[in-house]
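The following paragraphs accompany a structure and its sequence. Please keep both in view while reading.

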Amino acid sequence: MDIFPNNMPEHSAVGDGALLYDPRKDSTQGGSGSHRYTNPSTWEFSKNIALMRLWHLCHPVGGKMSYENMYLADWANAADVCDENVTNRSGATEKRYHGGFWFRASNDPIEVGRIMDEAAELVVYERADGKIGVHAGEFVAPDVRLTANSIYSIRVDKNKRRANTVLGVRGRYVNTAKNYITEDAAIYGDPYAVVDDSTERTRTFENAAIQSHNHCQRKQKLTYVRANARTVSVVADYTADGVRDIPYRRFVTVHYPSRGLAEATVEITSSVTIDLRNMRISFSGILVSSSLYDFNAATEEGEPGEAVEPLPDEGVPDPVDFAATIETEVVSGGATAAFINATWDFEDSMLTYELEYDRTSGSTGVQYVFSEAGATQVRSGYLVDGEEYKMRLRAWGGGTKSEWTDYIFLTATADPVAPGPVTSVSVDVSTPGEAEFGWTAPNSANYFACRIYINTVNNLGTATLAATEYGPPSATDLRVVTSLAAGTYYGWLVAINPSGTPNNPADNDVATGSFVVT
């Protein structure tokens, strides 16, 4: 509660994570280098998302597949695409699909894979030879062309319904420059543009693996384009030329002029279904152009929003001008009791203050008392009369406390009024090594005891307290002090009240004068 008043935070760390196999650096797989998928000690750290996806597919927490089942030529090409240089809005160069994120081994591997696929525009598929290939995040000119002669049915949806129109895409990405916080990117499009009314129609794009504003904006543009693109559903003849390659392609050409499709490029967005009973193949997609991945950062990236900068925690202010006094009040029976009255300067109405006090002897234990919010003073409970106390103060606000002030030391005095002086002071030294002191107590109701001081010189200030004799007011009393060495001494008898408040011996004739002990 001192350091984390809102409960313990979850520990987090940022670092270079898993080492990744790169087929481009494997001389046994057509690359150049010492990487071997059978020897993880040859792998290296990389932010290339295609290599992350390859690692995930072959790791026990992911796809649980083997590198022998991967079509590594595809993965090398995808890694090259991820490593391509792009220019951001500031004119700097960054990699096309680089990023990073973390996940737990217990996370759904399908969802983890989806995050990486989405971030790098990857489409993982199974090739005809049974190996796992990948379509990289780039436009590839189609080599499969469908015409009206090879198409059984086609449906084109121009996607012009008002409810489906996306006017803007709001993006969120991980900003590595600001302690890896998730931050809003600039809005792509105009979410308040008038279509048929003034309704805002937006879509949100968020990906935990994206760590660049430019990267996020490129994905926002793709989201915008795909959301507003015309959709196409095709059922084609499975025996037509090239049709059997459709399951292994990302883009195909469809030429169907009567439906407004003249050499149109279709990006396949659904699973490809093969019906061998009727020898047909069907799929769905969207109409795109060869400029699908084009992006001009100078005009399209925009300025990201300002992230909230957390203010430094200055903590609760320390108490200012802390002071404490011993005060008294009359309690039941007419007696008086002492208490501490602590004061300080006003700082804020939301602050409360805690007063800690304890006997310097430590015999009663530490005690605490809290003030009201916004108050500038607080009082303690009743104190043990005549005891010395130490006290300190600290402030509280929002579950957090300030540092303690320095201790103040005060002696509790319930009765500050001194009794009268003793009278008839005498000393008898007839017994060797002893001095018998006699006196008459004052007629003071608050008389409590007589203190006997002895010194070898005539100076009360350096005298030693030899004894304290308790007794009632107006009584004749005596006290023998023993074990004195032979010599000349001086004595003083000082009356005190129950609080230890002494009579001032300088104002009264309470000195014994000199006496000689034999």
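E206 touches E118, R172 and T182, residues up to four places away in sequence not being counted; contact here means heavy atoms within 4.5 Å. With R172 there is also a polar contact, side chain to side chain, at 3.5 Å. A polar contact is a pair of N or O atoms within 3.5 Å; within protein, one must be able to donate a hydrogen and the other to accept it, and residues adjacent in sequence count only if both atoms are side-chain atoms. E206 belongs to strand β12 (residues 202-206). Helices (H or I, at least four residues) and strands (E, at least two) are DSSP runs, numbered from the N terminus. The C-alpha atoms of E206 and G171 are 5.6 Å apart in space, although the two residues are 35 apart in sequence. E206 is partly exposed because its relative accessible area is 44%; buried means under 20% relative accessible area, exposed over 50%, and partly exposed in between (1.4 Å probe, protein chains only).

The model is predicted: local features need pLDDT of at least 70, side-chain atom pairs count only at pLDDT 80 or more, and totals for chains, interfaces and linings use all residues. Residues are numbered from 1 along each chain as its sequence is written, and side-chain values use heavy atoms, with hydrogens and water left out.

N214 counts as buried because its relative accessibility is 1%. Its side chain makes a polar contact of 2.9 Å with the side chain of E301.

The helices come next. Two packed helices are described by the angle between their axes and the distance between the axes. Axes are lines fitted to C-alpha atoms, for helices over the stretch in contact, and angles run from 0 to 180 degrees between N-to-C directions. For α1 (residues 49-57) and α3 (residues 109-120), the axes come within 9 Å and cross at roughly 160 degrees. The two helices are therefore roughly antiparallel, where angles under 35 degrees count as roughly parallel, over 145 as roughly antiparallel, 65 to 115 as roughly perpendicular and the rest as oblique. On the α1 side the contact is made by I49, M52, R53 and H56, and on the α3 side by P109, V112, G113, M116, D117, A119 and A120. These residues divide into 7 nonpolar, 2 polar and 2 charged; Ala, Val, Leu, Ile, Met, Phe, Trp, Tyr, Cys and Pro count as nonpolar, Asp, Glu, Lys and Arg as charged, and the others, Gly among them, as polar.

Helix α1 also meets α2: their axes come within 7 Å and cross at roughly 145 degrees. Here I49, A50, L51, R53, L54 and L57 of α1 meet L72, W75, A78, A79 and C82 of α2, a set of 10 nonpolar, no polar and 1 charged. Helix α2 (residues 72-82) is mostly covered, with 8 of its 11 residues buried. The buried residues of α2 pack against α1, β4 (93-95), α3, β5 (123-126) and β6 (132-135).

Which backbone angle sets E263 and D321 apart for residues that are not glycine? Phi is positive, near 50 degrees, in E263 and about 55 degrees in D321. E263 lies in strand β15 (residues 261-268), whereas D321 lies in the loop between α5 (297-300) and β18 (323-330).
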